[in-house]
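Here is a short walk through one protein chain. Keep the sequence and the 3D view side by side as you read.

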Amino acid sequence: MLRIHFTDADLARTRVAAGPDPLWEICTSLHRFQTRQGRWAYADWYRTARDRVHAQDFARTLRTFLLPLVPRASYFPDFLTPREAADGLDSGLEAILAAAPGRVLDEVGILGRTSGAPAWAPRLAERGMRKDLVRALRTYYDTVIAPHGDQTLARIEAERSARARSVLDHGTEGALQDLGPCLRWQHPVLHTVYPEDRDLLLNGRGLRLIPSYFSWGNPVTFAEPSLEPVLIYSLSHEPHHSTLPGDLGSGAPLATLLGRTRAAVLRAAAHGATTGELARFAGVSASSASQHATTLRDNGLIVSHRQASCVLHTLTPLGAALLRGSGGGTDRRATAPT
């Protein structure tokens, strides 16, 4: 069990990551190659990722270089997921290159004692070996993460919208109460299932919540307590399609493409809306709004995220592009509370 202890200052300084963290997504996606748990939620990604890895002749590097460094176990090195990655992949990879050799050796040693490290791992203290690692991480990202970027971004933005609503309705504690089945808020402590029994004292530093598309199961935090406090947690997943039908995005009015009611539902989702709010905006019953939302979701135009007793619907990047391209309005997600 992990217990994260908050003060009033920590509650005020708790925030949600602005978007997907590329290095955390790399590491959590590497875990998806190591287990069948939750495979159904990533079936399309896993199939295409495996094909791309083989097409790029990257399978051996993945198997012998990356997977041994990021085992699906109780520990992998903290230096692989630096804070700088919040500013983008390039910044994160530069931070890996700049990691202090002593730190790298210490963390590789922990990996060896806990999960088992490959014999070559201590050489990562050498800058030249870390250059090889950075090249491999970039190739992996470009091969299997970037092609799935729209899907990942849509789900993270939906989660941010859900957290924003919780904060507006119930304050920061409200946002902490509904992070998933593995997490339980009991003021002033956030409890979560964890491989070891541990207490994390925030001591006024706040907590950065990082929703991860590829994370599955228990939340994750840094092993080193002196690092910036973060909590990486899983999104709820539902299987759905992610491609636009060929006749959408043609520039025609939304009502012509989708029908008047369904177009109204899509516009309402631009703000982030519950099923009841979709119904009121479109002037239909809640059951009808739910049916229209299902159709839009199945065609990759919105995503739906359960929040307590309601479901929040938001646009995907494809849905936002359709709304702009059809003259139906601009992408209004930027004006939603964050």
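Is Asp-199 buried or partly exposed? Asp-199 is partly exposed, because its relative accessible area is 41% and buried means under 20%. Keep in mind that this is a predicted model.

Asp-199 has a charged partner. It forms a salt bridge with Arg-3, and the closest N and O atoms are 2.9 Å apart. The pair links distant parts of the chain: Asp-199 sits in strand β5 (residues 198-201), Arg-3 in strand β1 (residues 2-5), 196 residues apart. Arg-3 is buried, with a relative accessible area of 18%.

Now turn to helix α7, residues 127-145. Its 19 residues should span 27 Å at 1.5 Å a residue. The end C-alpha atoms are 25 Å apart, which agrees. Its buried residues include Met-129, Leu-133, Leu-137 and Tyr-140. The buried residues of α7 pack against several helices, among them α2 (22-32), α5 (89-98) and α8 (149-176).

A salt bridge also involves Arg-138: its partner is Asp-90, with the closest N and O atoms 3.0 Å apart. Asp-90 lies in helix α5 and Arg-138 in helix α7, so the pair ties together parts that are 48 residues apart in sequence. Both residues are partly exposed, Asp-90 at 45% and Arg-138 at 33%.

Helix α6 holds a local pair. Glu-107 and Arg-103 meet in a salt bridge at 2.8 Å, N to O. They are 4 residues apart, so about one helical turn separates them. Glu-107 is buried at 7%, whereas Arg-103 is partly exposed at 30%. Elsewhere, salt bridges with shared partners join Arg-15, Arg-83, Arg-208 and Glu-228 into one network. The structure holds 12 salt bridges.

Key
Residues numbered from 1 in each chain as written. Predicted model: local features only at pLDDT ≥ 70, side-chain atom pairs only at ≥ 80, totals over all residues. Heavy atoms only, no water. Helix = DSSP H or I, 4+ residues; strand = E, 2+ residues; numbered from the N terminus. Expected span 1.5 Å × (residues − 1). Buried < 20%, exposed > 50% of the residue type's maximum accessible area, 1.4 Å probe, protein only. Contact = heavy atoms within 4.5 Å. Salt bridge = Lys/Arg side-chain N within 4 Å of Asp/Glu carboxyl O.
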